[in-house]
Amino acid sequence: MIVPLTTNNYKHKMGDTNSSTSDPPATKETPTKESYWWHVNKGGFPIPQHTWEKLWSHVIDVHPQGDSLVREIRGRPQKRPPTPTAPTLTQKSPVPESLQAVQSYMNELQYNHTGTQFFDIRKRGPLSRLMDCAREILRESLPIKCLEAVVLSLYLTSPLSSVQRFAIGFKSKFGGLYYRHIVLGIHWNSLYGALGMSRRDSLMYKPLSYTSLGDLIIDFIESYREGEDEPPYHTRRH
């Protein structure tokens, strides 16, 4: 089951989240039978030690190799990977190429598979707070989930004054669990596309090639159906 959620009725439940339909959304401490939870780093940067320990504990819980994988990773020499360079856009930047540059940058950051969201996105906060979060994402250069990708895309594309941007949310169901996903919809020159991040390539970036919003939504729904035999996100190991 895939239900597209428009900007108007998606409300605050937007993000790369797997949550029940009730408020408040489930967390590590309050899981429900209809939800999938993960940790959020609320301690800022540098990441507190207790957040790291929760991250490793979650990996042990959900990954098939569990303890052995964590021991192998933690035993490696600490080496920071190369930091990608974010695109610098202006009002005169060509729109299609600019969107591709933003998506390529986020792809270099990579999708966050750890089970711990590194950036605390306050969805009900003011736009200025979201832009502060985007600058923090740029500064820390860590893997991101889909909600963080939407915030970052909003920030990086803000110089493109001819572009209309809006959130597109999706709610799907697999194995009795509900999953939520979000991308940034783009409208320019009578064409539609999307920016975003996902574990599946088909559920994130869409080029400016759709002549209607409906066509764009249908493409996402078809992408969901192509993967109906697998969950859109990892679930806990029982």
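Author: What follows is a set of questions and answers on a model that is predicted.

Reader: What share of the contacts with a separation of 6 or more joins residues 24 or more positions apart?

Author: As background, the protein has 238 residues, of which 47% count as buried. Among its contacts with a separation of 6 or more, the share that belongs to residues 24 or more positions apart is 61%.

Reader: Is the pair of Phe166 and Tyr192 stacked or edge-to-face?

Author: The whole structure holds four aromatic pairs, and this is one of them. Phe166 lies in strand 4 (residues 164–174) and Tyr192 in strand 6 (residues 191–195), so the pair ties together parts that are 26 residues apart in sequence, and both residues are buried. The ring centres of Phe166 and Tyr192 are 6.5 Å apart and the planes stand at 70°; because planes over 60 degrees apart count that way, the pair is edge-to-face.

Reader: How many residues apart in sequence are the parts that Phe170 and Phe220 tie together?

Author: The rings of Phe170 and Phe220 have their centres 5.1 Å apart and their planes at 40°, so this pair is tilted. Both Phe170 and Phe220 are buried. Because Phe170 belongs to strand 4 and Phe220 to helix 7 (residues 213–226), the parts that the pair ties together are separated in sequence by 50 residues.

Reader: Which residue has its charged end over the ring of Phe220?

Author: Phe220 is joined by ring pairs with Phe170 and Tyr224 into a cluster. Elsewhere, the charged end of Lys171 sits over the ring of Tyr178, 4.4 Å from its centre. Over the ring of Phe220, at 4.9 Å from its centre, sits the charged end of Lys206.

Reader: Within what arc do the buried residues of helix 3 fall, and which helix is included in what covers them?

Author: Helix 3 (residues 66–74) has as its buried residues Gly66, Leu69 and Val70. Seen down the axis of helix 3, these residues line one face of the helix, because they fall within an arc of 95°. What covers the buried residues of helix 3 includes helix 2 (49–62).

Key: Residues are numbered from 1 along each chain as its sequence is written. This is a predicted model: local features need pLDDT of at least 70, side-chain atom pairs count only at pLDDT 80 or more; totals for chains, interfaces and linings use all residues. Side-chain values use heavy atoms; hydrogens and water are left out. Buried means under 20% relative accessible area, exposed over 50%, partly exposed in between (1.4 Å probe, protein chains only). Contact means heavy atoms within 4.5 Å. Rings of Phe, Tyr and Trp (its six-membered ring) pair if their centres lie within 6.5 Å; planes under 30 degrees apart count as stacked, over 60 as edge-to-face and the rest as tilted. Helices (H or I, at least four residues) and strands (E, at least two) are DSSP runs, numbered from the N terminus. A charge sits over a ring if NZ of Lys or CZ of Arg is within 6 Å of the ring centre and within 35 degrees of the ring normal. The arc is that of the directions from the helix axis to the C-beta atoms.
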